[in-house]
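Please keep the sequence and the structure in view while reading.

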Amino acid sequence: MNIRQFNRYIIYLISLFIISLGASISIKANLGTSPLICLPYVSSEIVKLSVGTVCFIFNFIFVFIQIILLRKDFEKRQLLQIIVGIVFSFFIDFSLSLIGFIHPVDYISQLLVLFLSCIVCAFGVLLEIKTEVVYLPPDGAIVAISKILKKEFGKVKPFVDTTLVIISVSLSFIFLGYLTGVREGTVISALIIGPLVRILKKYLEKYIDALI
């Protein structure tokens with residue numbers, strides 16, 4: 001393994017942690033979790049398991065969706081997403097414990113924390129995509145949809161995120177009888193993370209390419 005391959009795997013591992021950190025920060029903003037984590041978060045409230053544990057379950061579902069959509073074009077190496085899902089699920093619970101000190105006290109500070117979570121998530125997603133190791137299962141599903149529709153990842157992601165939000169809202173009302181984990185912050189995240197990925201790619205791509 002040469003130095004560039006080593007860098008690629010290290011950056012990929014870092015990207016998983018950064019994405020999990022961004023998702024965890026969105027929880028602390030308390031304006032509704034990011035689309036990446038809203039469905040696992042709502043489901044965790046329903047089944048009374050940790051967010052990381054429920055994330056792991058949904059990762060299996062996202063991999064299955066990719067297999068259905070891509071069929072023979074599904075790369076066997078992408079089955080490693082299952083292992084990646086285990087690591088990411090651990091990172092979610094771990095990062096939540098790391099940022100326990102974040103407690104926004106007013107709406108403005110909540111919005112600032114929310115925007116921080118969006119930027120962190122977008123940066124992590126960019127690193128993940130550029131390393132081209134193994135997709136995080138939710139992103140792998142979006143990539144699969146992008147291939148089917150022949151559309152850019154950043155343009156498809158907002159629509160997929162919005163769908164996840166709608167499902168989360170439905171489950172929340174059906175099983176809990178009230179709305180949790182989904183607020184204006186969830187909608188904001190769904191709309192801007194995709195475009196943020198494109199913006200960060202424009203300015204940071206050459207530096208990332210130099211490392212990998």
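## Helices α2 and α7

In this predicted model, the axes of helix α2 (residues 35-47) and helix α7 come within 8 Å and cross at roughly 15°. Because angles under 35 degrees count as roughly parallel, α2 is roughly parallel to α7. The crossing in which α2 passes α7 is left-handed.

Which residues bring α2 and α7 together? On the side of α2 they are Pro-35, Cys-38, Leu-39, Val-42, Ser-43, Glu-45 and Ile-46. On the side of α7 they are Asp-161, Leu-164, Val-165, Ile-167, Ser-168, Leu-171, Ser-172, Phe-175 and Leu-176. By residue class, the contact of α2 with α7 comprises 11 nonpolar, 3 polar and 2 charged residues.

Helix α7 (residues 153-176) also holds Phe-159. Phe-159 counts as exposed, with a relative accessibility of 64%. In sequence, 17 residues separate Phe-159 from Ile-142, and in space their C-alpha atoms are 9.5 Å apart.

## Helices α3 and α6

Helix α3 (residues 51-70) packs with helix α6 (residues 137-149) at an angle of about 20°, and their axes are 8 Å apart. This angle makes α3 roughly parallel to α6. The two helices, α3 and α6, cross in a left-handed manner.

From α3, the contact draws on Asn-59, Phe-62, Val-63, Gln-66, Leu-69 and Leu-70. From α6, it draws on Pro-137, Pro-138, Gly-140, Ala-141, Ala-144, Ile-145, Lys-147 and Ile-148. The residues of the contact of α3 with α6 comprise 10 nonpolar, 3 polar and 1 charged.

## Helices α1 and α5

At what angle do α1 and α5 pack? Helix α1 (residues 3-29) and helix α5 (residues 107-131) pack at about 160°, and 7 Å separates their axes. Angles over 145 degrees count as roughly antiparallel, and α1 and α5 are therefore roughly antiparallel to each other. The passage of α1 across α5 is a left-handed crossing. In the contact of α1 with α5, 16 residues are nonpolar, 7 are polar and 3 are charged.

## Aromatic pairs

A pair of aromatic rings is described by the distance of the centres and the angle of the planes. The structure contains 5 aromatic pairs. One of them joins Phe-17 and Phe-91, with 5.5 Å from centre to centre and 80° between the planes, an edge-to-face arrangement. This pair links distant parts of the chain, since Phe-17 lies in helix α1 and Phe-91 in helix α4 (residues 81-98), 74 residues apart.

Phe-90 and Phe-94 form a stacked pair, because their planes stand at 10° and their ring centres are 5.8 Å apart. Both Phe-90 and Phe-94 belong to helix α4, where they are 4 residues apart, about one turn of the helix. Phe-90 counts as exposed at 52% relative accessibility, and Phe-94 is partly exposed at 34%. Through ring pairs, Phe-17, Phe-90, Phe-91 and Phe-94 are linked into a cluster.

Note on methods: Residues numbered from 1 in each chain as written. Predicted model: local features only at pLDDT ≥ 70, side-chain atom pairs only at ≥ 80, totals over all residues. Heavy atoms only, no water. Axes fitted to C-alpha atoms, helices over the stretch in contact; angles between N-to-C directions. Parallel < 35°, antiparallel > 145°, perpendicular 65-115°, else oblique. Left-handed = near helix turned anticlockwise from the far one by under 90°. Nonpolar A, V, L, I, M, F, W, Y, C, P; charged D, E, K, R; others polar. Phe/Tyr/Trp six-rings, centres within 6.5 Å; stacked < 30°, edge-to-face > 60°. Buried < 20%, exposed > 50% of the residue type's maximum accessible area, 1.4 Å probe, protein only. Contact = heavy atoms within 4.5 Å.
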